[in-house]
Amino acid sequence: MFIDSANLDEIREGFSLGLLKGVTTNPSILLKEGKRRGVIVKEILDNSEGIVFVQATGSSYEEIYADCQEILAYGNKRIALKIPANIPGFQVINRLKNQNNAPIILATAIFSVDQSLLCGLAGCDYIAPYVNRMANNNINPYEVVNKTRKIYDDRGFSTKILAASFKNTNQVVDIFTAGAHTATVSSDVLRSMASKELASASISGFNRDWYELQSRLEFVKE
Ligand code: G3P
C-alpha cells in the first residue's frame, strides 16, 4: 500500500507502521505543503522508502512531456511519473515507453474501463482509478476495477491497479475485493485502518487488568 501525501509528519508516521511501499503525490497534495516541487520531492525521498510518484502537469503533449523531463531530471531512481490518462498523456506515455531506460509510469485520473484498457495496451506500469470521485459521480468504482482486472488478467497485461481517492476504510476493503492490486490512502484513512475503537477498548481492558495483577502481586510474599 502507498500513502497519498506530501506532508512529512504524515509520511514518517505512515512508514513507521512498516507496511508502505511508497508515496503518491499530485499537484493538489503539493499545494497543501506550499514548497517548490523539487524541494518537497527531495524531502519526501529522504523520509520514505520505495517509489515516490510525482505527477506531470500540462494540457498539451509538449507541456506534459517537458514536465516529465523536469521531474526525471531530479535524478533519483525512486521517482516514478504520474501522467494523466488523456490524449496528450497517452502520447507522452507512448514516447517515454519507447525510450531506452523507460521510467515507471502510472496513468492517473482513471474513471472508466475503456481508459484502463488503453493504459494496459500502452504498457503503463500502474493505473490509478479514483474510487471516491467515481462514487461521487454515480460511477460504480468496484465494477470499473473488477472489469479492468479481468481484462488485464485475461490478456496477461503487467499493469497494476493502484486505486486512489478514498474517503473511508470500507472503500479500501471493497476495492481490494474488487481486484485492485494495491491502493494509495491518505494519512487519515491509514490511521482509521490502524486504530479501531473496539480494539482500543479491549487493549485498555487488558492493560488495566495487567496493572491490577502487578499491584496485587506486590502484597503476595514470594
Ligand atoms: O492521487 C489522486 C488522489 O489523491 C485523489 O484523491 O481524495 O482528492 O479524491 P481525492
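N138 is an exposed residue of this predicted model, with a relative accessible area of 76%, where exposed denotes over 50% relative accessible area, buried under 20% and partly exposed the range in between, computed with a 1.4 Å probe on the protein chains only. The residue is found in the loop between α7 and α8, helices being DSSP runs of H or I with at least four residues and strands runs of E with at least two, both numbered from the N terminus. Most residues other than glycine have a negative phi. A positive phi is also found at N101, where the angle is near 50°, and N101 lies in the loop between α5 (87–97) and β5 (105–110). At 79% relative accessibility, N101 likewise counts as exposed.

Residues are numbered from 1 along each chain as its sequence is written. As the model is predicted, local features need pLDDT of at least 70 and side-chain atom pairs count only at pLDDT 80 or more, whereas totals for chains, interfaces and linings use all residues, and side-chain values use heavy atoms, with hydrogens and water left out.

The protein as a whole contains 11 helices and eight strands, and its C-alpha trace spans about 80 × 40 × 30 Å along the principal axes. Of the 222 residues, 42% are buried. Among contacts (heavy atoms within 4.5 Å) with a separation of 6 or more, 57% are made by residues 24 or more positions apart. The accessible surface comes to about 12400 Å², with 51% of this area belonging to carbon and sulfur atoms; such areas come from the Shrake-Rupley method with a 1.4 Å probe, and for residues only the protein chains shown count as cover.

Within helix α9 (residues 169–178), the buried residues are T169, Q171, V172, I175 and A178. The elements that cover these buried residues include the helices α7 (131–136), α8 (141–155) and α10 (187–194), together with the strands β7 (160–163) and β8 (182–185). At the start of α9, a side-chain oxygen of N168 reaches to within 3.1 Å of the backbone nitrogen of N170, and just after the helix G179 takes a positive phi of about 125°.

Strand β8, one of the elements covering α9, is the place of T184, a residue that is buried with a relative accessible area of 2%. Leaving aside residues up to four places away in sequence, T184 touches F2, I3, D4, T24, L162, A163, A164, S165 and F166. A polar atom of the T184 side chain lies 3.4 Å from the backbone oxygen of F2, a polar contact being a pair of N or O atoms within 3.5 Å; within protein, one atom must be able to donate a hydrogen and the other to accept it, and residues adjacent in sequence count only if both atoms are side-chain atoms.

Two of the residues touched by T184, D4 and S165, are also found around the ligand, together with N26, K82, Y130 and R133, a residue being listed if one of its heavy atoms lies within 4 Å of the molecule. An oxygen atom of the ligand is 2.4 Å from an N or O atom in the side chain of D4, while for the side chain of R133 the corresponding distance is 2.7 Å and for that of S165 it is 2.7 Å. Taken alone, the ligand exposes 300 Å², and the protein buries 76% of that area.
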